[in-house]
Amino acid sequence: MDNSDAIISFAALSQPTRLDVFRLLVKAGAQGMLSGEIGERLDVRQNTMSANLAVLLNSGLVRNERQGRTIRYYADFDAMRGLLGFLMEDCCGGRPDLCQPVIDEIACAC
């Protein structure tokens, strides 16, 4: 991940509804959620939800899959790991061993 990718990701997450959507999808894990379910859970109208999901899709933090007439959304865990790695790549003054406890805490088997 480079600076411009990170900026796009942070911009996508800088709006409260989009941050809530992303966190909800992270929580949903590999099952993901249908777009209507996301809107209902967060009490967001369909057109507003569609616009927010489009921003998250364009950032690469979310992916989708068409299932008949519906679309299921998933957090892209590789993209999330890439963003977290970008934030931590130069941490601890070049002593990655000092960062290992933090890396271990945020790592998941997703």
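Modeller: Two strands count as paired if DSSP finds at least two bridges between them. Here strand 2 (residues 62–67) and strand 3 (residues 70–75) run antiparallel and are joined by 6 bridges. Helices (H or I, at least four residues) and strands (E, at least two) are DSSP runs, numbered from the N terminus. This is a predicted model, in which local features need pLDDT of at least 70 and side-chain atom pairs count only at pLDDT 80 or more, while totals for chains, interfaces and linings use all residues. Residues are numbered from 1 along each chain as its sequence is written, and side-chain values use heavy atoms, with hydrogens and water left out.

Colleague: Which residue in strand 3 is the bridge partner of Glu 65?

Modeller: The partner is Arg 72. The hairpin of strand 2 and strand 3 has 2 residues between the strands, and Gly 68 takes a positive phi near 70° there.

Colleague: What is the order of the elements from the N terminus on?

Modeller: The chain has 6 helices and 3 strands, and their order is α-α-β-α-α-β-β-α-α.

Colleague: How does one judge the span of a helix, taking helix 4 as the case?

Modeller: The expected span is 1.5 Å times one less than the number of residues. Helix 4 (residues 46–59) has 14 residues and reaches 20 Å from its first C-alpha to its last, close to the 20 Å expected. Just after helix 4, Gly 60 takes a positive phi of about 90°.

Colleague: Which residues of helix 4 are buried, and why do they lie on the same side?

Modeller: Buried means under 20% relative accessible area, exposed over 50%, and partly exposed in between (1.4 Å probe, protein chains only). The buried residues of helix 4 are Met 49, Asn 52, Leu 53, Leu 56 and Ser 59. They lie on the same side of helix 4 because they cover an arc of only 115° around the axis, the arc being that of the directions from the helix axis to the C-beta atoms. On the other side, Asn 47 and Asn 58 are exposed.

Colleague: What covers the buried residues of helix 4?

Modeller: A contact means heavy atoms within 4.5 Å. The cover includes helix 1 (3–13), helix 2, helix 3 (35–42), strand 2 and strand 3.
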